[in-house]
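Thanks for making time, everyone.

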Amino acid sequence: MSKLKSSDMELDFDRPNIEDYLSTDSIQEPSGKLRLRDLLDISPTLTEAGGAIVDASILSLSGDSFTRCFKSNPPEPWNWNVYLFPLWCLGVVVRYGILFPVRVLILTLGWMIFLSCYIPVHLLLKGHDKLRKKLERGLVELLCSFFVASWTGVVKYHGPRPSARPKQVFVANHTSMIDFIILEQMTAFAVIMQKHPGWVGLVQSTILESVGCIWFNRSEAKDREVVARKLREHVEGPDNNPLLIFPEGTCVNNHYTVMFKKGVFELGSTICPIAIKYNKIFVDAFWNSKKQSFTTHLLQLMTSWAVVCDVWYLEPQNMKPGETPIEFAERVREIISARAGIKKVPWDGYLKYSRPSPIHRERKQQAFAESVLRRLEDK
């Protein structure tokens with residue numbers, strides 16, 4: 001495998017990948033004599049503007065398919081009749097009055113068992129790193145199993161269980177932070193994840209460090225370089241936990257997949273796709289992080305009847321000769337989407353957090369101005 005250039009290895013966690021699909025030569029320089037029509041020739045710019053208007057019209061007619069990727073679709077009401085309403089009321093009493101206290105007890109018991117074992121292992125086995133890490137990984141898997149039990153999780157795993165191998169990365173579609181918990185209870189993955197505040201951030205910075213997780217912050221540009229370096233080091237390490245990445249970069253509502261970030265597909269590693277599909281019969285597992293905290297999301301899951309989902313470990317994929325990282329990412333996304341039965345859409349998930357960067361627009365404006373100035377100087 002050819003040596004990757006450092007510039008190609010940068011993980012652009014913030015910059016939307018959509019710019020990689022835009023033409024860089026949309027501003028064309030006519031050759032020959034300068035004429036008035038040359039200065040007024042803005043057909044390439046008008047072409048792009050017209051295309052944007054058409055895209056906006058299609059987007060409006062389609063009901064804004066980008067926004068639909070990040071909406072939780074509530075189920076249609078079924079309980080408003082004289083026969084079913086009493087049963088629904090009984091279900092509320094059972095879920096909140098019986099199941100929820102039992103689940104809180106299960107989760108509390110899980111934390112007590114975990115901490116009573118984790119703290120001594122972490123403090124007393126510092127001189128035995130290999131044994132300490134093995135025990136800590138097992139305890140993290142146990143804690144995740146208690147979390148799944150607190151939702152009455154019904155999870156079906158399909159395919160061979162992942163194993164640690166060098167230069168291998170697992171990628172999955174992303175619906176909620178519970179994706180990580182469901183996968184972690186089977187295999188001690190190291191994951192790349194956005195930093196979170198509160199008790200979730202405390203768990204990230206203390207307990208999950210034991211499985212080699214890597215954290216980043218979208219608001220800090222310097223984090224991209226640190227994460228890129230740690231990612232390369234982790235993939236090359238033969239004794240590290242299998243690496244799990246959610247290349248969409250954000251939670252999507254399990255009906256769609258948005259564009260995958262291309263950074264992990266530039267590493268020259270074997271990519272192992274994982275498809276996750278939730279059944280909404282009892283609860284919608286989508287976490288809308290802009291509208292609810294993870295604690296609220298967790299309470300929603302613990303007061304539902306059950307969390308039902310399927311997980312498929314799919315055939316490993318390698319980059320084909322002549323295939324670009326973007327094409328490789330799209331091929332893997334197609335495999336995951338087809339297996340999970342969810343729809344691909346041509347949007348970048350980063351746009352959920354902010355508007356497109358004005359840098360691309362300014363670059364186009366500058367290129368157009370320099371083109372006109374060069375023609376004037378030549379004459």
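**Salt bridges, rings and burial**

Lys344 is partly exposed, at 28% relative accessibility. Buried means under 20% relative accessible area, exposed means over 50%, and partly exposed is in between, with a 1.4 Å probe and protein chains only.

Some ground rules. This is a predicted model, where local features need pLDDT of at least 70 and side-chain atom pairs count only at pLDDT 80 or more, while totals for chains, interfaces and linings use all residues. Residues are numbered from 1 along each chain as its sequence is written, and side-chain values use heavy atoms, leaving out hydrogens and water.

Back to Lys344. Its salt-bridge partner is Glu334, with the closest N and O atoms 3.3 Å apart. That pair links distant parts of the chain: Glu334 is in helix H10, Lys344 is in strand E9 (residues 343-344), and they are 10 residues apart. A salt bridge here is a side-chain nitrogen of Lys or Arg within 4 Å of a carboxyl oxygen of Asp or Glu. Helices (H or I, at least four residues) and strands (E, at least two) are DSSP runs, numbered from the N terminus. Glu334 is partly exposed, at 39%.

Also in this region, Arg333 meets Glu330 in a salt bridge at 2.9 Å, N to O. Both lie in H10 (residues 325-340), three residues apart, about one turn of the helix. Arg333 is buried, at 3% relative accessible area. Together, Glu330, Arg333, Glu334 and Lys344 are linked in a network of salt bridges.

How many salt bridges does the rule give? Seven. Another one joins Lys280 and Asp284, at 3.9 Å, N to O. Lys280 is partly exposed at 32%, whereas Asp284 is buried at 14%.

Next, aromatics. Rings of Phe, Tyr and Trp (its six-membered ring) pair if their centres lie within 6.5 Å; planes under 30 degrees apart are stacked, over 60 edge-to-face, and the rest tilted. The count is nine aromatic pairs. Take Trp111 and Phe147: centres 6.1 Å apart, planes at 80°, so edge-to-face. Trp111 lies in helix H4 (residues 85-124) and Phe147 in helix H5, so the pair ties together parts 36 residues apart in sequence. Phe147 is buried, at 6%. Trp287 and Phe294 have centres 5.4 Å apart and planes at 70°, so that pair is edge-to-face too. Trp287 is buried at 5%, and Phe294 is buried at 6%. Ring pairs also link Trp111, Phe114, Tyr118 and Phe147 into a cluster.

Now burial by element. Strand E3 (residues 190-194) has five of its five residues buried, so the rest of the structure largely encloses it. Both faces are covered: Ala190, Ile192 and Gln194 on one side, Val191 and Met193 on the other. E3 runs parallel to E5, joined by two bridges. Strands pair if DSSP finds at least two bridges between them. Ala190 has Leu243 as its bridge partner in E5.

Helix H7 (residues 198-205) has Val200, Gly201, Val203 and Gln204 buried. Seen down the axis, these buried residues fall within an arc of 160°, so they line one face. The arc is that of the directions from the helix axis to the C-beta atoms. On the other side, Gly198 and Leu202 are exposed.

Last, backbone. Which residues other than glycine have positive phi? Among them are Thr152, near 50°, and Asn254, near 70°. Thr152 is in the loop between H5 (129-150) and strand E1 (153-158), and is partly exposed at 35%. Asn254 is in the loop between E5 (243-245) and E6 (256-257), and is buried at 6%.
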